Amino acid sequence: MMPALLWLLFYNVDWDKFRDALMENPELYDVDTDTPGISGEGMKPEYFQKVRLINFWGFSNLVKEAMRKGYKPGNTRVAMFCPGRTDQGVYANLKIDGIDGTDAQDVSRAQMELRLMIPDAVKFIHDWLPGWKNAVLIGASPILGIQDTRVIVGEYVLTLEDILASRRFPDVIAIGAAKTDNWDTYELIYPKGNYDVPYRCLVPQKVENLLIGGRSVSAAREAMMSLRCMSMCAATGHAAGAAAALCAKRNVTPRKLDYVLLRDLLLRQGAYLSSKDG
Ligand SMILES: Cc1cc2nc3c(=O)[nH]c(=O)nc-3n(C[C@H](O)[C@H](O)[C@H](O)COP(=O)(O)OP(=O)(O)OC[C@H]3O[C@@H](n4cnc5c(N)ncnc54)[C@H](O)[C@@H]3O)c2cc1C
């Protein structure tokens, strides 16, 4: 299970100060240089000078130092974002391991424990994060961020190998290219090309008359780390909805649906099913 997360929203974050601190002391404020960034040149400190909306992972040295001095940042490094308003900041960092998102008691425990971590995290933020000294906490997410929970076992189980090999399928209903992000290890794997998601991933092996879209489609855990991104959830959700409408119209179950009909409908509705459709 990847960790359960709680995100905090602040205002009055001085992002210019944050940018300057990165430039002045890049070794202390280490960043994930293997992350491509929006224009692909890597998240070097200079990158943050160019972008208005920041999406940052790093500071593991700074966190280590703070923890040695008794601070409790809630994680071993810092993930932070600048959402739409430029003086706002999201501290996407409070985490708790070993939470089973399908277990109500686990989820309740995590809700309580994560909220009890907030005062310590705010102290760390004020004392250690450049530009966050006067940041004011204005909200905590009302529900937990649970990364992985139930998925179906479908007619096909998409694997990481399929993703890395840019595998094509005759019954493609969506194309993906997102990195796999593993919040256990913070390892990011970037596929070299794009990959197909077959219709069979939406059709459960054992249950009749059911279609699945979003982050519960049939995929191995590592493959889900790419498939669960929002754009793919939207694309598989679109396909599941279109397939359901066709099944109702034709009076067939999802397992028996003629894929060619689904493909034609998705293409008419603007889906990209091959690089030629762009
Ligand atoms: C902390 C965190 C950070 C993430 N960051 C990113 C990111 O930066 N970029 C990205 O692309 N993806 C990110 N993701 C992944 C992405 O947000 C999710 O995988 C995606 O939103 C899942 O979409 P979904 O529609 O399958 O499920 P959900 O978004 O979970 O939607 C399911 C909906 O069903 C509702 N529901 C549940 N049970 C019932 C019921 N019985 N009756 C009625 N409604 C019900 C829920 O309330 C919910 O609204 C992140 C996920 C997390 C947890």
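A residue is called buried if 20 or more other C-beta atoms lie within 10 Å of its own, exposed if 12 or fewer, and partly exposed in between, with C-beta atoms placed from the backbone. The structure on screen is a predicted model, in which local features need pLDDT of at least 70 and side-chain atom pairs count only at pLDDT 80 or more, while totals for chains, interfaces and linings use all residues. Residues are numbered from 1 along each chain as its sequence is written.

**The whole chain**

Begin with the protein chain in cartoon view. Its C-alpha atoms fill a box of roughly 65 × 45 × 30 Å along the principal axes. Nine helices and 10 strands are present; helices (H or I, at least four residues) and strands (E, at least two) are DSSP runs, numbered from the N terminus. Of the 278 residues, 33% are buried. Among contacts with a separation of 6 or more, 68% are between residues 24 or more positions apart; two residues are in contact if their C-beta atoms, placed from the backbone, lie within 7 Å.

Colour 4–146 and 160–277 separately. These are domain 1 and domain 2, with bounds that come from an automatic or database domain assignment. Their centres, taken over C-alpha atoms, are 32 Å apart.

**The ligand**

The shell consists of Leu5, Gly145, Ile146, Gln147, Gly214, Arg215, Arg228, Cys229, Met230 and Cys233, where a residue is near a molecule if its C-beta atom, placed from the backbone, lies within 6 Å of it. Strand S6 (145–146) and helix H8 (230–250) are the elements that give two or more residues to this shell. By type, the shell has five nonpolar, three polar and two charged residues. Here Ala, Val, Leu, Ile, Met, Phe, Trp, Tyr, Cys and Pro count as nonpolar, Asp, Glu, Lys and Arg as charged, and the others, Gly among them, as polar. Each of domain 1 and domain 2 supplies at least three residues to the shell.

**The nonpolar cores**

Stay on Leu5. Along with Met80, Tyr91, Ala121 and Ile125, Leu5 has the most contacts inside the largest nonpolar core, a set of 35 residues. A nonpolar core is a set of buried Ala, Val, Leu, Ile, Met, Phe, Trp, Tyr and Cys residues joined through C-beta atoms within 7 Å. Elements that give two or more residues to this core include strand S1 (4–11), helix H1 (15–24), helix H4 (104–116) and helix H5 (118–128). S1 gives the most, with five residues.

Click on Tyr91 next. Apart from neighbours within four places in sequence, Tyr91 is in contact with Trp7, Leu8, Phe10, Met80, Ala121 and Ile125. A second, separate core has 31 residues, among them Ile163, Leu227, Ala239 and Leu262.

**Around S1**

Move to Asp120, which is in helix H5. Asp120 is partly exposed because 15 other C-beta atoms lie within 10 Å. From Asp120 to Leu5 is 16 Å, C-alpha to C-alpha, across 115 residues of sequence.

Now select strand S5 (residues 136–140). None of its five residues is buried, so S5 lies largely in the open. S5 is joined to S1 by four bridges, and the two run antiparallel; strands pair if DSSP finds at least two bridges between them. Leu8 stands opposite Ala140 in S5.

**Phe59**

Phe59 is in the loop between strand S2 (55–58) and H3. With 26 other C-beta atoms within 10 Å, Phe59 is buried. Setting aside neighbours within four places in sequence, its contacts are Tyr29, Asp30, Arg77 and Val78.

**Strand S10 and its partner**

Select S10 (residues 195–198). S10 pairs with strand S7 (residues 172–176) in the antiparallel sense over four bridges. Tyr195 in S10 is the bridge partner of Gly176.

**Two loop residues with positive phi**

Most residues other than glycine have a negative phi. Ser166, in the loop between helix H6 (160–164) and S7, has a positive phi near 50°. Ser166 counts as partly exposed because it has 14 C-beta neighbours inside 10 Å.

End on Asn209, in the loop between S10 and helix H7 (221–227). Its phi is also positive, about 65°. Asn209 has 11 C-beta neighbours inside 10 Å and therefore counts as exposed.
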